[in-house]
Structure formats: C-alpha cells, structure tokens
Amino acid sequence: MMLDYIVVGFGLAGLSFSEQLHQNNNSFVVISEEDKSSSVVAGGMYNPVILKRFTSPWNAIAQLEYAIPFYSQIESRLNTVVNTPLSVLRVFNAVEEQNNWLIASDKPNLAPFLSVNFKKNTNEFILADNDFGVVERAGRVQVAKLLNAYKSELLNNNCYLNEAFNHDVLKISDDYLSYKGLKAKKIVFCSGFGLKSNPYFNYLPLNGTKGEVLIIKSENLKLDYIVKSGVFLIPLEKADCYLVGATYHWTDKTWEVTEEARLELVNKLDALLCCDYEIIDQLAGIRPTVKDRRPLVGQHPEHKNMYMLNGLGTRGVMVAPMVSSELFNYIENEIALDSEIDIKRFSAEYKNDSK
Ligand SMILES: Cc1cc2nc3c(=O)[nH]c(=O)nc-3n(C[C@H](O)[C@H](O)[C@H](O)COP(=O)(O)OP(=O)(O)OC[C@H]3O[C@@H](n4cnc5c(N)ncnc54)[C@H](O)[C@@H]3O)c2cc1C
C-alpha cells in the first residue's frame with residue numbers, strides 16, 4: 001500500500017502535523033523514538049507575553065487563536081482534557097516595573113493580555129510585596145498526556161512505530177520513498193534536536209538550548225495560577241505538585257540532569273517562596289532553537305518529496321499548530337510559506353555534496 005506520508009518524530013511538531021493529515025484524510029505512519037523529547041519535558045505553558053521586557057512574542061495573537069481550538073478539537077476527538085486556562089501572575093520587583101507594565105498594556109498586540117488591574121498578593125507563602133501583574137488568556141497544555149492519548153489512537157490504527165529512524169535505509173525516487181517495508185509519497189521530518197543526525201537537513205542552523213525543570217510538592221501553596229518571578233511556578237494536575245523552570249544552557253547538548261541547574265532553580269525558588277517544599281523530580285531536554293528564532297519549515301533543496309517541521313524553540317505549544325498548518329497548505333495546496341519560516345532562507349548553507 002502506498003501511504004501519503006511518513007512522519008519522523010513525535011513531539012509537538014510530529015503530533016501537530018499528524019493532526020493536519022488526520023483532518024485531511026491523508027494516510028500516514030509515524031516513526032519515533034521516545035527517549036530524547038523536548039515536548040515531554042516542557043512545562044506546556046502558553047503565554048502570549050515576554051515577561052522579562054513586557055513585549056509580544058513573534059506572531060503570538062495569530063498563533064494563540066489557531067492553537068486553542070486546535071487543541072480542543074483533539075480533546076473532543078480523544079475524549080480527554082489537556083488544556084487548562086490559567087492566569088500568569090508576574091511578580092513586580094519594583095514600582096518602576098508597574099509603570100512599564102501599564103505602558104505596555106496600551107499597545108494593541110499586548111492589550112488583550114495585560115490586565116491593568118494589579119492583584120494583591122494574598123498568599124502568605126509567596127514573597128511579592130509590589131503586587132502582581134496579571135496575564136490573561138494564558139494556560140497550560142499537559143503535553144505528555146496529549147502525546148500519550150494521541151499515540152494510543154495511532155497505535156490502535158497501526159500508524160505508529162516506536163523505533164529510531166535509520167536515514168541510511170531510506171530510498172528516494174522521484175515519485176515515492178521507501179523505508180523498510182513502507183512506501184510513501186512524502187516524508188516529513190519532525191525530529192527536534194534529532195535533526196543534528198539527519199544527513200538531509202543537518203546543514204540547517206539548529207543550535208539547541210538545553211533546559212531543566214524541577215517538580216516540587218508543597219502542601220502550603222494551593223496555587224490555581226502560574227507565578228512568574230526568577231522562575232515560573234506552574235501548578236500541575238497532581239495534588240500539591242508544581243513545575244519549576246526553566247534553565248537555559250547554550251553549550252551543554254546532553255540530555256542528563258545536572259546539579260548546577262538544580263541549584264540555580266532552588267536559589268530562584270527560595271527567593272520566591274517562604275514555605276517548605278520537597279523536590280520530587282528533575283527533568284532535562286533540548287529545545288530546538290534556531291539562530292534567528294524562527295521555525296524551520298519547508299522542502300528539501302533537492303529531494304522534492306522530503307520536508308521539515310522543526311525549530312519550535314521555546315514556545316512549541318503556541319507555535320506548532322499554526323506552522324503545521326502552514327506546512328500542510330504549502331505541500332498540498334501550494335500556498336507559499338512565509339519567508340520568515342521557510343528553510344529557503346538558509347539555502348546558501350546547503351552544499352550539493354550533502355545528501
Ligand atoms: C525544560 C523545557 C521547558 C519547556 N517549557 C515549555 C513551555 O512551557 N511551553 C512551550 O510552549 N514550550 C516549552 N518548551 C519548548 C518545547 O518543548 C519545544 O518547543 C517543543 O516541544 C519541540 O517539539 P518538537 O516536536 O519539535 O521536538 P521534540 O519534542 O524534541 O520531539 C522530537 C521527537 O523526535 C524523536 N526523534 C529524533 N530523532 C529521531 C530519529 N532519528 N528517529 C526517530 N525519532 C526521532 C525524538 O525522540 C522526539 O520524540 C520547553 C522545553 C524545555 C527543554
């Protein structure tokens with residue numbers, strides 16, 4: 001049987017592209033390893049404001065408007081709940097920050113998200129003397145739960161192979177690709193930092209930024225909102241558990257947790273909390289970040305049936321649904337990709353002696 005697509009990698013990118021295929025009745029098989037996934041580690045937060053400088057992330061409004069119904073459609077089909085809307089409460093370190101917040105809240109791209117009413121801190125276990133600024137329309141997607149629920153559906157339909165993709169075994173001809181026993185018209189690589197070992201696309205400048213988080217338990221806190229100070233403190237579905245993160249490390253490209261990151265997170269947390277907590281886990285992943293901070297989407301320079309969806313960076317939850325739709329429309333409906341995300345912007349770095 002000739003499939004329409006093989007999808008390699010099943011994090012947020014692979015899931016989002018699979019959903020485009022599902023919605024458009026395309027046949028496909030996903031091939032993915034599971035041990036090196038940034039998505040499984042992700043806090044899963046979507047937050048349409050950069051809270052360090054009170055600015056707007058690239059294309060945030062459009063991404064959010066696409067992403068929320070996208071996730072709810074999957075929730076309905078899989079009969080599960082993964083998205084929890086949550087406010088983000090930004091601790092003000094000084095009155096000057098409150099003024100900057102109010103100035104930012106006048107800007108059209110930030111006005112829908114930055115409340116002009118500051119919130120008093122009523123939680124005795126949080127250190128915040130200058131009130132909170134409230135970000136609205138933020139929240140959290142339980143990414144690991146989403147991936148598991150989606151994978152179960154794929155497994156039931158015999159569309160998921162849990163194994164490493166071996167690029168050396170792929171055979172490419174003009175009309176189709178063959179891989180072990182599979183034949184498909186097209187292949188889309190969604191392999192996150194695994195791109196580094198993909199001989200077809202490793203000319204692309206994916207830097208990768210390692211991040212680590214802690215999972216803590218505290219019976220005192222009782223938060224039903226996200227707090228942002230030096231770290232994000234995100235309530236989890238398990239009672240009294242919170243995710244604390246994240247770190248940013250630009251040179252370490254290993255997937256192991258480190259003592260250095262644990263200390264950094266504990267120091268920042270201790271500046272925010274005045275209650276006991278227990279650290280119950282520590283996780284590490286590598287974000288697929290790109291030097292120009294834009295996704296990597298598009299067609300291989302020579303192999304016209306080979307595509308890439310990557311570079312989701314630090315905000316995969318918001319970015320993945322929309323860019324997956326842009327890639328699908330590019331391939332199937334010949335709608336040009338936005339030049340900001342198209343991998344053609346790096347064509348000068350492609351050498352013809354690459355695969
Ligand atoms: C600590 C941390 C916290 C984060 N917090 C957030 C957050 O709160 N909100 C947010 O939006 N984003 C967050 N992110 C970023 C987010 O995780 C990424 O943007 C997103 O998950 C990237 O998804 P992806 O599918 O491109 O890559 P990945 O999730 O890494 O998925 C790639 C998949 O491909 C597989 N793979 C790779 N190579 C091969 C191969 N050869 N054969 C088969 N399979 C292969 C991998 O095993 C993996 O399963 C965070 C990241 C980190 C590290």
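**Loops, helix packing and nonpolar cores in a predicted model**

N59 lies in the loop between β3 (45-46) and α3 (60-78), where helices (H or I, at least four residues) and strands (E, at least two) are DSSP runs numbered from the N terminus. The structure is a predicted model, in which local features need pLDDT of at least 70 and side-chain atom pairs count only at pLDDT 80 or more, while totals for chains, interfaces and linings use all residues. Residues are numbered from 1 along each chain as its sequence is written, and side-chain values use heavy atoms, with hydrogens and water left out.

For N59, phi is near 60°, a positive value in a residue other than glycine. The relative accessibility of N59 is 33%, so this residue counts as partly exposed; buried means under 20% relative accessible area, exposed over 50%, and partly exposed in between (1.4 Å probe, protein chains only). A positive phi near 60° is also found at R137, again in a residue other than glycine. R137 belongs to the loop between β6 (132-135) and β7 (139-141) and is partly exposed, with a relative accessible area of 45%.

The loop between β2 (28-31) and α2 (38-41) contains S32, which is buried at 5% relative accessibility. When residues up to four places away in sequence are not counted, S32 touches G9, F10, Y160, L161, N162 and E163, contact being defined as heavy atoms within 4.5 Å. A cis peptide bond, with omega near 0°, runs from G245 to A246. A246 is placed in the loop between β15 (241-245) and α6 (259-270).

Two packed helices are described by the angle between their axes and the distance between the axes. Helix α1 (residues 12-23) and helix α7 (residues 316-333) have axes that come within 8 Å and cross at roughly 45°. This makes α1 oblique to α7. Here axes are lines fitted to C-alpha atoms, for helices over the stretch in contact, and angles run from 0 to 180 degrees between N-to-C directions. Angles under 35 degrees count as roughly parallel, over 145 as roughly antiparallel, 65 to 115 as roughly perpendicular and the rest as oblique. From α1, the residues L12, S16, F17, Q20 and L21 meet G316, V317, A320, P321, S324, S325, L327, F328 and I331 of α7. By class, this contact of α1 with α7 comprises nine nonpolar, five polar and no charged residues. Ala, Val, Leu, Ile, Met, Phe, Trp, Tyr, Cys and Pro count as nonpolar, Asp, Glu, Lys and Arg as charged, and the others, Gly among them, as polar.

The axes of α3 and α7 also come within 8 Å, and they cross at roughly 85°. Helix α3 is therefore roughly perpendicular to α7. The contact involves A60, A62, Q63, L64, Y66, A67, F70 and Y71 of α3, together with G316, V317, M318, V319, P321, M322 and S325 of α7. Its residues divide into 12 nonpolar, three polar and no charged.

The largest nonpolar core has 67 residues, and those with the most contacts inside it are F17, V135, V188, L309 and L327. Helix α7 gives the most to this core, with nine residues. A nonpolar core is a set of buried Ala, Val, Leu, Ile, Met, Phe, Trp, Tyr and Cys residues joined through side-chain atoms within 4.5 Å. Leaving aside neighbours within four places in sequence, L309 is in contact with A13, F17, V188, F189, C190, L296, V297, V323, S324 and L327. A second, separate core has 28 residues, including I6, F165, Y179 and F193.
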